[in-house]
Amino acid sequence: MRPAALDWSVENCTIARAMEILGERWTVVVLREVFSGVRRFDDMRVRTGIPRQVLTNRLSMLVERGVLRREPYREPGSRPRQEYRLTEMGLDLWPVLVAVLGWGDRHLADPEGAPLTVAHRDCGAEVRVALRCADGHDVTDPREVLPRPGPGARRRA
């Protein structure tokens with residue numbers, strides 16, 4: 001049986017567009033650091049071991065794409081520098097990172113457990129990502145989800 005998805009073009013796929021930004025390991029590591037409150041270049045470089053030029057390139061790309069913004073700061077007696085803050089677009093990535101974290105914890109964590117958890121600031125409970133349809137039904141099995149053409153879909157020629 002021929003999959004119906006073959007009738008629709010993927011040339012304007014937003015997953016592909018998102019992965020142009022997120023699809024490289026160091027980019028996600030940089031975002032993890034910024035979400036964790038590490039916003040300064042030298043702190044990121046020391047904490048992650050990302051080579052200087054790679055970190056420079058990733059930060060520049062995330063700023064150019066609108067995920068991060070530069071914010072000037074100056075330590076007493078030092079030259080002005082930049083730190084990196086999440087934009088609204090960047091903040092919208094938090095559920096994506098939490099989902100990747102949960103997947104990694106389930107399938108890739110060391111026997112002693114995950115090195116990072118995320119908790120609700122108000123009550124301290126663990127935060128997880130859940131799928132729910134627009135009518136409020138929890139979706140617990142990926143097989144319950146049906147990909148289908150959206151309003152921007154184009155028929156294949």
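Is Glu33 buried or exposed? In this predicted model, Glu33 counts as buried, because its relative accessibility is 0%. The residue belongs to helix 2. Beyond its neighbours within four places in sequence, Glu33 is in contact with Val38, Met44, Arg47 and Thr48. Met44 also takes part in the contact between helix 3 and helix 4. Helix 4 is described next.

Helix 4 spans residues 52-64 and has 13 residues. From its first C-alpha to its last, helix 4 reaches 18 Å. That is close to the 18 Å expected at 1.5 Å a residue. Five positions are buried in helix 4: Leu55, Arg58, Leu59, Met61 and Leu62. Viewed down the helix axis, these buried residues fall within an arc of 160 degrees, so they line one face of helix 4. The face turned away from this buried side carries Gln53 and Glu64, which are exposed. After helix 4 comes Gly66. The phi of Gly66 is positive, near 85 degrees.

What do the buried residues of helix 4 pack against? Their partners include three helices: helix 1 (14-22), helix 2 (25-35) and helix 3 (41-48). They also pack against two strands, strand 1 (68-73) and strand 2 (81-86).

Two helix pairs were examined further. Two packed helices are described by the angle between their axes and the distance between the axes. For helix 2 and helix 4, the axes come within 10 Å and cross at roughly 75 degrees. Helix 2 is therefore roughly perpendicular to helix 4. On the helix 2 side, Trp26, Thr27, Val30 and Leu31 meet residues of helix 4. On the helix 4 side, the residues are Val54, Leu55, Arg58, Leu59, Met61 and Leu62.

For helix 3 and helix 4, the axes come within 10 Å and cross at roughly 125 degrees. These two helices are therefore oblique to each other. Their crossing is right-handed. Helix 3 contributes Phe41, Asp42, Met44 and Arg45 to the contact. Helix 4 contributes Arg52, Leu55, Thr56 and Leu59.

Methods:
Residues are numbered from 1 along each chain as its sequence is written. This is a predicted model: local features need pLDDT of at least 70, side-chain atom pairs count only at pLDDT 80 or more; totals for chains, interfaces and linings use all residues. Side-chain values use heavy atoms; hydrogens and water are left out. Helices (H or I, at least four residues) and strands (E, at least two) are DSSP runs, numbered from the N terminus. The expected span of a helix is 1.5 Å times one less than its number of residues. Buried means under 20% relative accessible area, exposed over 50%, partly exposed in between (1.4 Å probe, protein chains only). The arc is that of the directions from the helix axis to the C-beta atoms. Contact means heavy atoms within 4.5 Å. Axes are lines fitted to C-alpha atoms, for helices over the stretch in contact, and angles run from 0 to 180 degrees between N-to-C directions. Angles under 35 degrees count as roughly parallel, over 145 as roughly antiparallel, 65 to 115 as roughly perpendicular and the rest as oblique. A crossing is left-handed if the near helix is turned anticlockwise from the far one by less than a right angle, and right-handed if clockwise.
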